[in-house]
Amino acid sequence: MIYMDNAATTKPCAWALDKASKFVTEQFYNPSALYEEGFALQSELKKARSALLSKVADENAFELIFTSCGTESDNHAIFSFAKRGNAVTTAGEHSAVLVPFTELKNRGVIESRIAPLQKDGKVDVEKLLALVDNKTSFVSVMHVNNEMGAINDINEIAKRVKQKNPRVIFHSDGVQAYGKIPYRLSKDIDLYSLSAHKIGGLKGVGALIKRKSLNLPAFIFGGGQETGKRSGTENVFGIKQFAYASEKKFETLIGDFDRLTAERERLANGLDSEIYTRLSPTDGTPYILMVSARGLRGEILLHMAHDKGLLIGTGSACSSNSKTRYNKVALACGYDEKIADGTVRLSFSPETTEQEITDAIAIMNEIGRDLKGRMG
Ligand code: PLP
């Protein structure tokens with residue numbers, strides 16, 4: 001099978017699994033235990049925290065708490081600070097952000113304001129800024145869109161939001177950015193969400209980066225782990241494996257970025273333009289290519305690709321249960337329903353080979369022509 005659904009999840013990094021395995025087999029102690037064996041794990045967690053944080057932020061200005069996933073990190077940020085007035089987000093967000101916004105709106109806690117997207121999948125910054133006023137308590141703008149692959153300039157957006165209202169707490173969902181594109185968080189970012197399984201870590205491990213001076217309320221109450229913000233015995237193995245997996249990703253980040261940019265372009269250019277329309281921008285993440293077979297159904301193409309040995313997505317795997325079959329992000333970018341019905345997303349990892357890209361081009365063209373032929 002050729003796996004090209006890496007935006008949904010990635011294969012866990014074998015080197016990191018091996019290196020972290022002693023935290024299951026030997027050092028299985030509770031990190032809160034008062035004897036030496038437990039205490040040693042506190043310093044292992046500290047090392048993992050520092051390794052993960054220092055890759056993208058200044059450790060003097062930011063700190064990191066471990067969570068159970070990207071969804072929890074997003075929820076922690078939103079339910080902590082979208083508490084009054086209005087809160088602003090974008091139409092491109094993952095459901096881990098959009099659903100909490102709807103929930104808070106339905107509870108009557110906030111007025112939820114959603115900024116539109118441009119055709120390339122980035123948020124329309126001027127329209128977002130127009131929604132921010134002196135009653136805005138919270139703004140959330142995703143870093144890399146998980147469907148289109150568009151990259152929002154979150155440092156610049158946060159700066160401009162704070163010029164308009166300095167009291168706003170600014171959050172960004174960095175789940176599809178971390179370990180994949182080069183950046184550093186600026187002082188205007190208050191909160192930033194990560195997820196391990198998008199970069200060779202395990203499902204069920206995430207992190208929330210926060211500005212040190214920000215008073216983040218507790219989200220899970222209990223034994224006081226994670227400086228009291230997120231109680232629950234730490235998943236030491238998962239956390240260490242995440243840190244090791246990130247080490248590998250950051251070591252080769254720039255080389256992978258350049259190689260995958262070239263491979264994504266080769267794939268995009270190799271697809272039959274009579275069938276496929278490219279939706280992903282050329283300046284987006286090299287890890288994602290979204291195209292649409294206008295007039296055909298993306299879901300059928302997904303199954304046909306599967307039968308030929310190619311695993312792809314149609315958009316966010318997490319929203320596959322939604323009642324509407326149209327890709328909401330494509331609609332939000334201004335594409336019509338035919339385009340939004342025909343979307344397929346191919347997403348890569350540093351392990352994706354040249355041969356796999358060549359084979360994917362052949363399979364996508366064969367199934368596209370086949371389905372189009374059958375539709376008459
Ligand atoms: N945010 C984005 C942009 C994502 O792509 C995903 C997963 O698809 C999530 C959040 C949720 O992360 P997790 O699966 O760790 O809960």
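Trainee: How far is the side chain of Thr 71 from an oxygen atom of the ligand?
Mentor: In this predicted model, an N or O atom in the Thr 71 side chain is 2.6 Å from a ligand oxygen.

Trainee: And what about Gln 176?
Mentor: Its side chain has an N or O atom 2.8 Å from an oxygen atom of the ligand. Gly 70 has a backbone N or O atom that also lies 2.8 Å from a ligand oxygen.

Trainee: How much of the ligand does the protein cover?
Mentor: On its own the ligand has 390 Å² of accessible area, and the protein covers 93% of that.

Trainee: Switching to helices, then. How do H4 and H5 cross?
Mentor: H4 spans residues 70-81 and H5 spans residues 95-106. Their axes come within 9 Å and cross at roughly 35°. The crossing is right-handed.

Trainee: Which residues meet there?
Mentor: From H4, Thr 71, Asp 74, Asn 75, Ile 78 and Phe 79. From H5, Ala 96, Val 97, Pro 100, Phe 101, Glu 103 and Leu 104.

Trainee: How do those divide by class?
Mentor: The contact of H4 with H5 has seven nonpolar, two polar and two charged residues.

Technical notes:
Residues are numbered from 1 along each chain as its sequence is written. This is a predicted model: local features need pLDDT of at least 70, side-chain atom pairs count only at pLDDT 80 or more; totals for chains, interfaces and linings use all residues. Side-chain values use heavy atoms; hydrogens and water are left out. Axes are lines fitted to C-alpha atoms, for helices over the stretch in contact, and angles run from 0 to 180 degrees between N-to-C directions. Helices (H or I, at least four residues) and strands (E, at least two) are DSSP runs, numbered from the N terminus. A crossing is left-handed if the near helix is turned anticlockwise from the far one by less than a right angle, and right-handed if clockwise. Contact means heavy atoms within 4.5 Å. Ala, Val, Leu, Ile, Met, Phe, Trp, Tyr, Cys and Pro count as nonpolar, Asp, Glu, Lys and Arg as charged, and the others, Gly among them, as polar. A polar contact is a pair of N or O atoms within 3.5 Å; within protein, one must be able to donate a hydrogen and the other to accept it, and residues adjacent in sequence count only if both atoms are side-chain atoms. Accessible areas come from the Shrake-Rupley method with a 1.4 Å probe; for residues, only the protein chains shown count as cover.
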